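Open the model in your viewer and keep the selection panel at hand. The stops below go from one selection to the next.

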Amino acid sequence: KQHEHPLHCHYQPSMMTTSIEQTRLTADLKRAIDNHEFEVYYQPIIDLHHNKACGAEALVRWHSPTRGLVPPNDFIPLAEDSGMIIEIGHQILHQACMQTYDQIQKGHWPTDFLLHVNLSVCQLLQTGFLAQLETVLAETKLPAKNLTLEVTESRLVTQPLLTTQILKEIQSLGIHIAIDDFGTGYSSLAYLNQLPFNSLKIDRSFINQMMVTENYSAIVTAVISIAHNFQADTVAEGVETAEQATKLKQLGCRYAQGFYYAQPKPMSEWSTETVNKSGKTHQLAEYQA
Ligand code: C2E
Ligand code: MG
Ligand code: MG
Ligand code: MG
């Protein structure tokens with residue numbers, strides 16, 4: 001066993017019957033870790049008050065020599081089941097923090113840039129995670145205030161007390177916590193009351209249905225209101241149309257993210273975009289209202 005973290009990242013009995021493809025994928029992923037084949041893409045997060053990007057979410061892509069560009073949904077689940085997510089997640093966090101610090105240093109990104117990085121609950125529960133987090137920040141020199149860690153709501157409920165405790169410790173380092181895919185899990189409002197978080201990310205499915213069904217619009221309104229009462233921000237995920245963006249502003253949602261604004265893109269494309277757009281002075285793109 002290459003990993004020693006506790007609880008629920010072990011192989012499940014059901015995985016005894018792994019298919020040949022899963023066995024191959026596991027072997028390929030191990031090689032990918034050794035060869036550092038993961039690249040972080042960045043999707044802008046837009047501040048709806050100014051229609052300006054104020055941060056970005058780091059989204060991993062795997063450049064496999066045999067499979068091509070592999071999206072996260074095709075390998076993150078296996079990486080979580082096998083415990084490999086711990087090493088992969090560490091590489092992603094390191095790369096994202098390092099590149100963000102570099103962008104800020106060069107003046108491409110503002111000093112209050114918000115970097116969001118997805119965190120698997122397996123990573124969170126590994127022994128020594130907090131120390132690892134501090135080491136990454138020290139090594140990359142990224143200030144804690146620039147970092148938000150996103151944890152998916154549905155994954156938190158498996159170990160509610162322990163995760164709550166660790167999230168509080170993460171916050172005490174000055175790092176922010178966002179609850180990802182909010183509304184799709186099973187956490188109760190009572191649990192939410194215990195949970196430390198700085199923002200709620202409203203799941204794409206709600207944004208998608210918001211213009212179609214009045215009920216969904218009511219749910220989005222309720223989430224924004226809940227966040228407000230907890231002194232937390234809201235980020236709308238998967239915004240694809242101008243109508244959705246307008247509606248979200250009306251409802252008082254602070255931040256948005258989605259293909260309407262921009263696709264996730266590698267750092268190389270961010271650099272050229274900013275250079276082309278404004279010549280010598282690098283600024284984050286402004287977006288249509
Ligand atoms: P997520 O964290 O909820 O990320 C948002 C996903 O929605 C991304 O998919 C993004 O490309 C996609 N998206 C953004 N805007 C739109 C839109 O307007 N329409 C639609 N249809 N989709 C949009 P992606 O990059 O394929 O990532 C999928 C999931 O994989 C992420 O969902 C996250 O749960 C996981 N993931 C990605 N990177 C990492 C990582 O570094 N670590 C971990 N543990 N999980 C990751
Ligand atoms: Mg996310
Ligand atoms: Mg999400
Ligand atoms: Mg998601």
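Select Arg 61 together with ligand 1: in this predicted model, a polar side-chain atom of Arg 61 sits 2.9 Å from an oxygen atom of the ligand. Taken alone, ligand 1 exposes 800 Å², and the protein buries 85% of that.

Next, show the whole shell of ligand 1. It holds 23 residues, and the closest are Arg 61, Asn 118, Asp 180, Glu 240 and Phe 259. Colour by secondary structure: strand E2 (52–64), helix H3 (85–105) and strand E6 each supply at least two residues of this shell. Strand E2 gives the most, with four residues. If you display pockets, the space taken by ligand 1 is the largest pocket.

Now select ligand 2, a magnesium ion. Its protein donors are Glu 57 (OE), Asn 118 (OD1), Glu 150 (OE) and Asp 180 (OD), at 2.0 to 2.2 Å. Along the chain these donors follow the spacing E-x60-N-x31-E-x29-D. Asn 118 belongs to strand E4 (residues 114–118) and Asp 180 to strand E6, so this pair ties together parts that are 62 residues apart in sequence. Colour both by relative accessible area: Asn 118 is partly exposed at 31%, while Asp 180 is buried at 4%.

Which residue coordinates both magnesium ions? Asp 180 does, and the two ions, ligand 3 and ligand 2, are 4.0 Å apart.

Finally, select the protein donors of ligand 3: Asp 180 (OD), Asp 181 (OD) and Glu 237, which is listed with two OE donors. They lie 1.9 to 2.6 Å from the magnesium ion. The spacing of the donor residues in sequence is D-D-x55-E. Asp 181 is in strand E6 (residues 176–182), whereas Glu 237 is in the loop between strand E8 (233–236) and helix H11 (242–251); the pair links distant parts of the chain, 56 residues apart. Is Glu 237 buried or exposed? Glu 237 is buried, because its relative accessible area of 11% falls under the 20% cut-off. Asp 181, at 23%, is partly exposed.

Terms used
Residues numbered from 1 in each chain as written. Chains lettered and ligands numbered in written order. Predicted model: local features only at pLDDT ≥ 70, side-chain atom pairs only at ≥ 80, totals over all residues. Heavy atoms only, no water. Donors = N, O, S within 2.8 Å, 3.2 Å for Na, K, Ca; no water. Buried < 20%, exposed > 50% of the residue type's maximum accessible area, 1.4 Å probe, protein only. Near = heavy atom within 4 Å. Polar contact = N/O pair within 3.5 Å; in protein donor to acceptor, adjacent residues only side chain to side chain. Areas by Shrake-Rupley, 256 points an atom, 1.4 Å probe, with all protein chains shown as cover. 1 Å grid on protein atoms, 1.4 Å probe; cavity = no way out; pocket = protein on both sides within 12 Å on 5 of 7 lines; lining within 4 Å. Sits in = over half its atoms within 2 Å of the grid points.
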